[in-house]
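Dear colleague,

I am handing over the structure below, and my notes on it follow directly after. Please read them with the coordinates open beside you.

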Amino acid sequence: MSSLSRELVFLILQFLDEEKFKETVHKLEQESGFFFNMKYFEDEVHNGNWEEVERYLSGFTKVDDNRYSMKIFFEIRKQKYLEALDKHDRSKAVDILVKDLKVFASFNEELFKEITQLLTLENFRENEQLSKYGDAKSARAIMLVELKKLIEANPLFRDKLQFPNLKNSRLRTLINQSLNWQHQLCKNPRPNPDIKTLFVDHSCGQPNGARAPSPASNPLLGGAVPKPGGFPPLGAHVPFQPNSTPVPMPLAGWMSNPPAGAHPAVSGGPIGLGAPPMPAGLKHPRTPPTNSSVDFPSADSEHASKRTRPLGISEEVSLPVNVLPVAFPGHAHNQLLATPEDLPKMVARTLNQGSSPMSMDFHPIKQTLLLVGTNVGDIGLWEVGSRERLVQKNFKVWELSACTMPLQASLVKDPGVSVNRVIWSPDGSLFGVAYSRHLVQIYSYHGNDDVRQHLEIDAHVGGVNDIAFSHPNKQLSVITCGDDKLIKVWDATTGTKQYTFEGHEAPVYSVCPHHKENIQFIFSTALDGKIKAWLYDNLGSRVDYDAPGRWCTTMAYSADGTRLFSCGTSKDGESHIVEWNESEGAVKRTYVGFRKRSYGVVQFDTTKNRYLAAGDEFTVKFWEMDSTQLLTSTDADGGLPASPRIRFNKDGTLLAVSANENGIKVLANTDGLRLLRTFESLTFDASRASEAAKPTVNLIPSSSVVSSVALSDRVAPTMNGDSRNLVDVKPRVAEEANEKSKIWKLTEISEPSQCRSMKLPENMRVTKISRLIYTNSGNAILALASNAIHLLWKWQRNERNSSGKATAGVSPQLWQPSSGIWMTNDTTDANPEESVSCFALSKNDSYVMSASGGKIALFNMMTFKTMTTFMPPPPAATFLAFHPQDNNIIAIGMDDSSIQIYNVRVDEVKSKLKGHSKRITGLAFSHVLNVLVSSGADAQLCVWGSDGWEKQKSRFLQLPSGRIPATQSDTRVQFHQDQTHLLVVHETQLAIYDATKLESVKQWVPRESAAPISHATLSCDSQLVYASFLDSTVCIFTASHLRLRCRINPSAYLPSSVSSNPTAHPLVIAAHPQESNQFAIGLSDGSVHVFEPLESEGKWGVAPPSENGSASGVGVGVGGSGAAATPLVGSTSDQQQR
């Protein structure tokens, strides 16, 4: 059925409901399958009308459609069966069993047998699982909760649970409009037309004929028909009427306080955004249409009307007689039906920016050039086709002396800067960057990687929240808005300020410049939810209107400039996308499909004059502009943040989406893939700057860059910690302005009040934690104890923890299924405490693979049941790692120094890798380099190609002189999120390696007298390293330089009796997968502790100055000057206290 026919059904449903045809309404809902009325379904279930319940469901799904549908029907029929048993109506129960429940026997024969056995019981509550069954009423209520969850999760009910947002009596309104239109075409229109029937077109009689009552009073139609002579101007219904002189058409409908005098550009035409309300050619048509009935285009006619016309054929087309080729006010846009295949939904490129993307924009002409701004002030320019980063620029102040004193003082006090917006100029010759601190920087672009500084403007006091380009007076201008409640316009050539617009009473969040005919204007939104509009004069705002959500709102026009949309998120997380009727200053339609409480501020974009897209609920959601219902969505193969940032290219063939771990995913449709493929075979011009001259992207910043951690000053705070606090880059300012920043002190945490920590509920059977990991969802922690028992702590969603994620503020539950079993590994040694434990978690957290010296076991994480066991020792498994692209492939490190590549699905060892001399202690895959890196107790690293499993490189660790490690000392490896650098952990050192060369680029070594390192891990954003020591100390380092920034002493989390002489010490440490400042440690006494910084701090200490020769307290290289081929940084004086 076509889209318009589907909408007609909704209009009929609304009409029937308003006319109280209740049974007919639900019959049409069921037969059409367009809208599932949950309220009606609930009522029927509560009343036990089982036949009607199943009949209604049958319009939407069948028993065997999918597992959700099967579960829905099973629960209903089971309840009906139990109620018959409860009434001791055995014959009815047998009838239900045979006719309704037997269909499930083929899927679960054991369950069907158990249900059948209930017939033999006097009271079915004797069955243990049904012992808590109350009466029919309470059981139906409990079942309904489950049914609603199943229906909402069932893809067959997607987009069918929400009725469109329609104005009252919409069908009547359309009929009135049709009658009005027919009356316009009358040869002799009469003042009081005679409307007696809808079965034929209206036509006025002869001028001397009898007169009938006006349609305004016709009880059937129930609505007024405008007077003859054409439709009234839209302004006649505008709530904000001009008081005196006319104003420019685009703003007239939004007017609240129009200026007293006429603007020079005022048009004397009727009020309205688009063309005049009735095109002249339609008031006096040459040939009146001869349509004989009020009709809608059929599916076939719509299909014919949207076929592509051959080149050269006239634009005149033969439309069905009832579809007039005219543009009604507000409906001038293309009405072709949308096809989801047009949307870019296939992941074509995955890029890593190095810090979290805050804003992105494609070049308007070179549509594969992507500009990116990040939360640490970095600017990146990517050629998406070739996956090449052409430009990488860290934030720096170009001319500090030209900046205001408040900005200079602000940067010295806290150098953290975030990009709030990046945008190209209309011709792509310039791009602008708005920062969270005062500044706007404009760059000129000259092709390839040639980017030059053009203008630096100290634009606003506080953050600059948005930037845009516009052409008022045929001259390119830059428009900015900021925390100082101002909008400013600047000459894009000279940087001269042209206008300042005052009137907002809250920080201005966004600007949207536009023009209609020869009228140039700017819409602006503020954090109090106010929308204002400005002409390029100094006469004040022309509009004062409330945006839905009343908080963070952005506005955008469709590509052809005819339709205006806004997207906003309230402080409570309620998000709205709406289309505006510009002529009335009112919301025209509201799009549905958002999560009730969005996790962050939702961003949106438009494309092709047809689609809207928004990032919400870890997905990208799409709407057709003419339909309020969600069209489709994509999770881009997973890995998206809660509210991803998105941006289409000009043609809508590519969509850039921000991803977790500083990633950017570029989605493409068929045309987009074709566009990208042209780059895969292109040989780039030799005139391009040589690789050596290009800015290199490196994990380790230049020595002249000083790093610091600071929260972004973005005016729209994110919710539920969606944004990460990453390493911000300090501006390169004059030496005298930098003196204060050199005063740095290590953050020492020695008291429980100085951080948030929680000891998780204990299991008395556990004596030592050997392995520790967060689940990928971030709402649980899994530990493996030395006695082969697994412990799982789950955090529940509640008032104190709305996200349901792991936190140190709310105690979790030590979870165990109702069966009472524990996940326990097979052990063979007489003393399992001496065995090496290892485990690996599947991506969807559904199962864990684990070993404790015996067979490898596969456990179901929901039931704790053992699914299978394999590979009995010897040799015994000592490390496990899933292949990143195939969960069926697992790399297994063995205690005989070999590595086995095992295919779980076919139960077969595909390859056996040999290169170490002692047991394997670490494995890590890189999907970017297509390699597996292994580490062993022999202090050796090996790199293996994951295609043919050939050995590519190997290298022994540089052990510091004078340090003799234990004979079986573990070496652990973990890839940085850029997938090319590697954290290497050994009891004698922490090191960052370049995996492509297997060379150490940074190293940190504790003093000889210090306790050995027990374990270390990267934070989820790879900006921090969490390390635990055998003296119970936990240290936090910046990952970029391996510089100590915070130390947590035992007294901060262990009882005073223990911390003074700790026998319990951390053996393992794990980082939260989404919260970069949260980690957990597992101790030798069987306890697990979760740590977070104080909410007032938001981070672990302050990053120390970099080791550029001017920073204080920098020691010599490890092992003495020049001891290594690559620069290795030694310890600061604070670090030497370790």
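To begin with a helix pair, Tyr68, Lys71, Ile72, Glu75, Ile76, Gln79 and Glu83 in helix 5 meet a set of residues in helix 8, namely Ala136, Ala139, Arg140, Met143, Glu146, Leu147, Leu150, Ile151 and Ala153. Sorted by class, this contact between helix 5 and helix 8 holds ten nonpolar, one polar and five charged residues. Please keep in mind throughout that this is a predicted model.

As for the geometry of the pair, helix 5 (residues 67-86) and helix 8 (residues 136-153) pack with their axes 9 Å apart and at an angle of about 170°. Because angles over 145 degrees count as roughly antiparallel, helix 5 is roughly antiparallel to helix 8.

Turning to the strands, there is an open sheet of four strands in the order 14-15-16-17, and its pairing is antiparallel. Strand 14 (508-516) and strand 17 (545-546) are at the edges with a single partner strand each, so one side of each has no neighbour in the sheet. Strand 17 pairs with strand 16 (residues 530-535) in the antiparallel sense over two bridges, and Lys530 stands opposite Asp546 of strand 17.

Finally, Leu760 lies in the loop between strand 32 (756-759) and strand 33 (769-774). Leu760 counts as buried because its relative accessibility is 2%, which falls under the 20% cut-off. Leaving aside residues up to four places away in sequence, Leu760 touches Ile781, Trp793, Trp795, Pro812, Val1088 and Val1090. With Pro812, which is 52 residues apart from Leu760 along the chain, the C-alpha separation is 7.1 Å.

Conventions:
Residues are numbered from 1 along each chain as its sequence is written. This is a predicted model: local features need pLDDT of at least 70, side-chain atom pairs count only at pLDDT 80 or more; totals for chains, interfaces and linings use all residues. Side-chain values use heavy atoms; hydrogens and water are left out. Buried means under 20% relative accessible area, exposed over 50%, partly exposed in between (1.4 Å probe, protein chains only). Contact means heavy atoms within 4.5 Å. Axes are lines fitted to C-alpha atoms, for helices over the stretch in contact, and angles run from 0 to 180 degrees between N-to-C directions. Angles under 35 degrees count as roughly parallel, over 145 as roughly antiparallel, 65 to 115 as roughly perpendicular and the rest as oblique. Ala, Val, Leu, Ile, Met, Phe, Trp, Tyr, Cys and Pro count as nonpolar, Asp, Glu, Lys and Arg as charged, and the others, Gly among them, as polar. Two strands pair if DSSP finds at least two bridges between them.
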